[in-house]
Amino acid sequence: MNTFRRRLKAILLVFGVMFVGDAAAITREEILDRAKAYAEHWWTITAKNTVADCSTKYECDYVPGTYQGLPYDWGGYVEIEKFDQLLLDGQAAGSHSWHGVLSCTTGLDCSGFASKCWKAPHHSTSTMYKITDEIPSAAILPGDAYNKAGSHMVVWVKQAGDGSPVFYEAAGTPHKVRLHTSATWSYLSGYKSIRYHYVTEVNADAPGAPDNPIVIDAFPFHDERNTLSTGITQFDAYSCAPEKGELGPEVLYLFSLKQAGYFTATVADEVGVDIDLHLLSAPNANSCLERHDAQIGPVLLNPGTYWLVLDSWSNSSGVSYPGPYILDAQFEPTGEIMDPEDEEPPVPEDVVIDADASGGSGIDEDVSTGDDDIELDSQSPEDTASDIGTPSPDVTNTADAPPEAEFFDVAATGADGVTQLGPDTIGTNDEDAGVTEVGGGGFWLPGGAGMGNLGASGQTSGNAPINSLTETSKAPSDSSGCDTTASTRPVSNWLVLLGLIVWGTKLRRRASNSFYIDGR
Amino acid sequence: MKFFVVLAICGWTTWVNAAPSGPEPWKIFPWGNGVGQFGLVANMGEVVPEGPTAIAVSGDRIYIADDVNRRIVVLTAQGTISRVITSGKRVASLDANANGAVVLLSAALDQWSLVQPYESIARFQPVESSPTFADGWRAVVYDAALGPVIISSEGGAVALVKGSTIPLKTATPLGMGAHGLARWLTPNSAVVRVWPARVPALSDQSGSVRPKEIVVETSQRLGMARPLRIDNQGRLYVWLETFSNDSPVAVVAEVRRFEPNGVESGKFVWKIDDIAPAYRYVDVDSSGRLYVMASRPAGLALWRLEAEQWESAR
């Protein structure tokens, strides 16, 4: 029913937009692109651009030079190209409210900026209600806005990994258009969440839309895209993980296999974005073969046609995390050309980890088990958490993990040498699969009773020069003792690690009431 | 009927008692540009009101960026003015070491200055660009080990050395040789992760060393969590914001204190209206005293919360 309503709303919206004219319609991706263009535009001023001919009390924030991000200008509402031209014409760069609205300055104020992002006529924060609807804050999406009438407004981007708001604005202490990544929610206290009337939620013609899937015609395949580019939310949940919310927009890929082989797909997303992978045997959510927040496969596929859906995960409150992503897919044929109607291809011995537990083909069940386990942390406490600066927990990370010599260096500089490499470490935190525990008995404090080894290392490191720190980070990887051959034995290594993750997760569950992540 | 009346009264009483409140300010400094005053530009319409932009506590001194007056005001532990530094330009962030050396980051985030204890005028120099700052910068801190460091909201950092910057692999320096980040987990929980200072954290996306973790849970919808500082007793302080209303956004701010073994030992809660906008307006000194500043009609209000004033953990 919800899907039906959403589609109906989308259809009505599209028709509504058509009715008022195409010029008013804008996609979320386009809004953010426009905002980014304003925030990243480089401009240069000379001495004449620091003086306002029409005001004696004007004081420019800028000195001659080159800057990024259009200046804040009280009452300003200007396109980038026009801004550049006005600078050449000698107008001053930016102004403040105490200067009054000046005809000889150029730039944008906060509402002028939001209006431009939406391609809307210039409205002030007090008249924004004429072109927007108030929405629940928990339902805000990229391209919407927070507005405080008579005060200020910002164009919403996302929640950062620590939950803090990220938005574009024309204001702030720098007095320019910027991507504000260091605000807190109290900054937005008293603000209402609003949505521009003519945001198009769907773009049926966009590559990756259900009627226009992106064809993967060769492997390896690489693509960088944004789930907001389609805005389509045809799939809200999938049969292979019905409890996982995927309420955000998705992008569809299509590929056909003429022979059996191992298929692998990985997705990387950024802070505040959470894109999940879904492998389907047909273009519907009930045909889901595999799902994961970071990597699918290697999974053995028969010849046939498959759909790969990159969908925006949503949390238990229904807040979705759409945004840009990087997709990589590989296919390694087994060498056997099979008919899709034939029996399943042979399964290599080392693929079956826990056939009894899977009760099925082994491969799929095991992979999905690993997925579920991983997502206990990476997805619901979810990969919003893991996204912050860290790729989602996956085996690829482990294989690509940077040198771990830092740990040994830490130990050498004062830690008591308790190194915990092993299944209990690997499994206790999925996103850190294969990581090293810093000290077994300490916490964060350097030295002191009961502070443990970590503290001691911290104390020593606290006096270390920068150079030594840099050198430490460049230490060779093989000193850590971790499996540096992972990249040369991808399949077997993957499966071993998956098994360790499953094992570790069981251990973790056993220790779930313990404070420490290592389950002590 | 009586049952519902009693129920309603109980519910109302519970709600009232649950409302956060804070103590009276420790000091209030009037607005203005004279000695003992701080600058405020308010009621400007479509611009966020501007007042002091940052506070830092180090040693026995309190450093406040009096941004409107383009100066840094240094207070003693008694709240009297001990020193004034002319910044000459807007400052977005500041910090100091125990000896009184002050590091400033310009409002445009493109220049920094290290002001020695014997100096009274800040001289800025450009911040070299760094790939770790691709997504914006956040603040400057005076790390005990590394010296002046700029940290970014996305975990990147650079050490500031005269004439250049050195990219770091650590995240938020918390003092005492550690750094950490918080991760928003669910609408009602977050995890705070702490690494020793020399261990790369998330900025290089390695996660090669396991951090220690604290899961922080809230009764109201969680907005954000951010580690603030580790004091000289090893206690970790975490800043939290929760929503008391959806739209318009209403926020309750609190700082929670965790002992070195990870056990929560205290908290302090404010109505956000008392301190909004709470943005780089909170700091903890090495002994665990919490400082909060806020713009109030009467002037700049400064709270100082002694360790024994913390509300015991639930």
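Start by selecting Ile62(B): opposite this residue, in E4(B), stands Leu75(B). Before you move on, a word on the model: it is predicted, so local features need pLDDT of at least 70 and side-chain atom pairs pLDDT 80 or more, while totals for chains, interfaces and linings use all residues. Residues are numbered from 1 along each chain as its sequence is written, chains are lettered from A and ligands numbered from 1 in the order written, and side-chain values use heavy atoms, leaving out hydrogens and water.

Now colour strand E3 (residues 61-66) and strand E4 (residues 71-75) of chain B. They run antiparallel and are joined by five bridges. Strands (E, at least two residues) and helices (H or I, at least four) are DSSP runs numbered from the N terminus, and two strands pair if DSSP finds at least two bridges between them.

Zoom out to the open sheet of four strands, ordered E2-E3-E4-E5 in chain B with antiparallel pairing. Strands E2 (54-58) and E5 (81-86) are at its edges; each has a single partner strand, so one side of each lacks a neighbour in the sheet.

Next, pick Ser106(B), in strand E7 (residues 102-106) of chain B. Is Ser106(B) buried or exposed? Ser106(B) has 2% relative accessibility, so it counts as buried (under 20% relative accessible area; exposed is over 50%, partly exposed in between, with a 1.4 Å probe and protein chains only).

Finally, hop to chain A and show helix H2 (residues 28-40) with helix H4 (residues 110-117): they pack at about 135°, axes 8 Å apart. The contact (heavy atoms within 4.5 Å) includes Ile31(A) and Tyr38(A) of H2(A) and Phe113(A) of H4(A).

Technical notes: Axes are lines fitted to C-alpha atoms, for helices over the stretch in contact, and angles run from 0 to 180 degrees between N-to-C directions.
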